[in-house]
Amino acid sequence: MGKVKKKVKLIKIDLDQCNGCRACELICSAFHAPDKYSSNNPARSRIRLISDPLQDVYLPVYAGEYTPAECMGRDKYIIDGKEFSECDFCRASCPSRDAFKEPDSGLPLKCDMCEGEEEPLCVKWCLADALTYEEREEEVEEEETPEEMETGLKALVDKYGLDNLIDGIARISKKE
Amino acid sequence: MRYAETGYNLEIDLSSGNIERVETDPELTELYLGGLGTNAKILWDRVPPEVEPFSPDNLLIFSAGLLCGTPVPGANRTIVSTVSPQTLFMAFSMMGGFFAPELKYAGYDKLILRGKSPDLVYLWINNDRVEIRDASHLQGKGAVETAELIKQELEDPRVQVAAIGLAGENRVYMASIEHGRSSASRLGLGAVMGDKRVKAIAVRGTKDINIARPTEVVEFCHNILEYIPERDSNPIPGVMPILAGLGSPKEMLIHDEKWHTENFMWGNARTRQKDYWTKDIEEKWKETQESVRTRLISCYNCPMKCGAIISVPGISTYMMKCFSKLTYTMAAYSDLEFGFKIAQRATEYGVDGFSTPQVMAFALELYEAGILTDEDFPGMPPDNEGRFYWLLDRIVRREGIGDVLADGVYWAARKIGKGAEEYDHNTIKKHEQLPLKLSMLNPIYFLMWATGEKVNITQIEGNFPQAPFPTREEREEFVKDWPHVPDDKFKEYFVNWELRGENAFPYYPTVEATCEIVDWQETMHYIDDALGICAGLSSFPLKPAYHINNLPTLITAAAGIDMDKDKLWEIARRNRTLIRAFNVGRGLRRKDDQPPENHWKKRFPELEEQLLDEYYRLKGFNNDGIPTKESLHQLKMDYISEDFEKRGINNNGQS
């Protein structure tokens, strides 16, 4: 695999500007509804505002890769006197928490930068300017990215085991 | 499928512990929309006039507005309704924050509480799983503290909590329901919650809210999100800073308090300090505000930053919005630093920031006048600020004189007697009002103060300027870009309105025009309170994001209800009339529709009677302020006439 030019989409997150309104979560979930905008539900959002108003903690985090196992250790960061858990900054959909999973199925979610839109919707809806969008070009190694379905299937394998999953699929296909 | 709403209410009988999820009738949504409208209908049906505020049969309803939980910016209001222990009429108070959307995501439009729990409890609503939980460990805890403890206990920082403090537990008539940066404060809702022995309600929801016409709604929202910053960067010239832009008054952002400190009265709505706002004060107050304000914050899905996190060194952090920074300050003739400090304790106790400081200032006036004596204030410190803390502590515990004061100025004055009634000079329908005492009668405000069913001026004023701009040119400029008016005649009313001369107060705007202006402003509030849209983006500021000409489209697209301007106007009128009828059942009549006697120095009794006559006519009430048979029939509420007839309430007469 050789090097290729790749447009890197970048969201700059300015914690000082966040007003805690969670419009980002709402519109993300609406955009990604099965029928675009037909429903919304922040629990399905691919961005999550970690917030603790009394500690002045406002931290929007985006969903990244799914991971089958949780970390061994949990570190804490103290930044300007505010306490953050390592998990707060983590983008992974992981067994240790309910963030970045479909509430019904438990399937992992991942930010796709609102493919097809001028800019991610969370940025557009953030009038507080906590989220701003940038693009830049980078040279990167060519690689194959797993398709969305494959990511989902892998998560199901991790959750239920390959044999159970195969049995389940077989049962469903008989019914249909 | 139901759109915008979930179609279910959660009913909890606290006496028996019975919990039910009840499907609602979509026809009621068509008639009353939701929020305050459907709350009022439930209260009408199930809480007849015989039911007292602290009866187990009184209901306490927490409702999301129809559009809460949809992508509509600023649609996040929780409308709390019950019977007020203070006014004995319907109490409704709204709060922003995150509670209403979370309730919707949990699958409910409303939470309806009836009965009384034998022990102090809190409710845990987690989607379909609803529990009544022991709250004995939370007894006496502050409202903010309670919310934090519950979040820890439930191990979920995303739980939304509405809680009462000590004041609510002790059924103080000024008790509020606190929720983060927001609160439902007026009219004693917290006292009813305390009477039901519910310390707090915790909600978490992870379900979908559906939209009828998704693309149209999102397009509409994008226009709103473009309009808001554009409108905010073009403040309206010639009005005080908090009225120039959008939002509920941005008291947390704005330092310039010249208007409030010099025009509102200090103490027990008593003294005006006309030259208060000096350069020194301005600098000192600015420094105070900036030193305690950690961050400006918003409610759910709203770009306006009307609230703030307040951290005063040495005391716990809390959140504040709107006007409470000034109410304690001015009642105590103190400064802003005191205001921020005592508001922290008041927020934990959970009391209304409007009424509470006035009750305390009232008590100290009685003390100065010798009506109350040292015996009534054992151990009260001698310094002014110390006295306010001392009184606050007594009121929320109902200790000694605090027990009398805890019922508010009106009831306390009557209990104390000995001429104390004379010092009750700023209540309407037994409820404390903004501390304003002015000179020339303002006919628009006369009607709004007198007739507002919420008994609270900020819940009725709004879209029409409070005063004419000095020159005709300025007024013409203002109306050029004013698509918000329901009819072009309002532009004419404004352009022709002068500060002095024939076209000035009290005889201009004319009686008819005055009633129409009030009707428009009031209608917008009733629409917001049904939809759950914050007044700060709609009925309160000049030239807001939402108005009578764009809301029908939005309702149709979001809720799938066929809506137009006339139909929406009629719904607002129906809701307003329903609440009036509820209160009429509890004895409300024309004689109660009066502002405080000394609100204006120059009064015009004959004109005031004409104003009330015409307002009642326009609203479809008879001369005693009772909705007529004919208007109730038009509004499809014949059931009210039938009830009036049974109770011997005469609602004949021309409307």
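## Basis of the model

This is a predicted model, in which local features need pLDDT of at least 70, side-chain atom pairs count only at pLDDT 80 or more, and totals for chains, interfaces and linings use all residues. Residues are numbered from 1 along each chain as its sequence is written, while chains are lettered from A and ligands numbered from 1 in the order in which they are written.

## Chain A

Chain A has five helices and seven strands. Helices (H or I, at least four residues) and strands (E, at least two) are DSSP runs, numbered from the N terminus. From that end, the order is β-α-β-β-β-β-β-α-α-β-α-α. The C-alpha atoms of chain A fill a box of roughly 55 × 40 × 35 Å along the principal axes.

Of the 176 residues in chain A, 30% are buried. A residue is buried if 20 or more other C-beta atoms lie within 10 Å of its own, exposed if 12 or fewer, and partly exposed in between, with C-beta atoms placed from the backbone. Among contacts in chain A with a separation of 6 or more, 63% join residues 24 or more positions apart. Contact means C-beta atoms, placed from the backbone, within 7 Å.

## Two domains in chain A

Chain A splits into domain 1 (3–143) and domain 2 (145–176). These bounds come from an automatic or database domain assignment. The domain centres, taken over C-alpha atoms, are 26 Å apart. Six residues from domain 1 and six from domain 2 make the contact. On the domain 1 side, four are nonpolar, one is polar and one is charged. Here Ala, Val, Leu, Ile, Met, Phe, Trp, Tyr, Cys and Pro count as nonpolar, Asp, Glu, Lys and Arg as charged, and the others, Gly among them, as polar.

## Where the chains meet

In the interface, 24 residues of chain A contact 32 residues of chain B. Helix 1 (23–31) and strand 2 (39–40) of chain A each supply at least two residues to the chain A side. Helix 1 gives the most, with four residues. The chain A side holds 13 nonpolar, six polar and five charged residues.

Strand 2 of chain A runs antiparallel to strand 13 (residues 209–210) of chain B, joined by two bridges. Strands pair if DSSP finds at least two bridges between them. Asn40(A) has Ile209(B) as its bridge partner.

## Asp529 in chain B

Asp529(B) sits in helix 20 (residues 511–531) of chain B. Asp529(B) is buried because 30 other C-beta atoms lie within 10 Å. Leaving out residues up to four places away in sequence, Asp529(B) touches Gly35(B), Leu36(B), Ile79(B) and Met94(B). Met94(B) is 435 residues away along the chain, yet the two C-alpha atoms are separated by 7.8 Å.

Methods
Contact = placed C-beta atoms within 7 Å.
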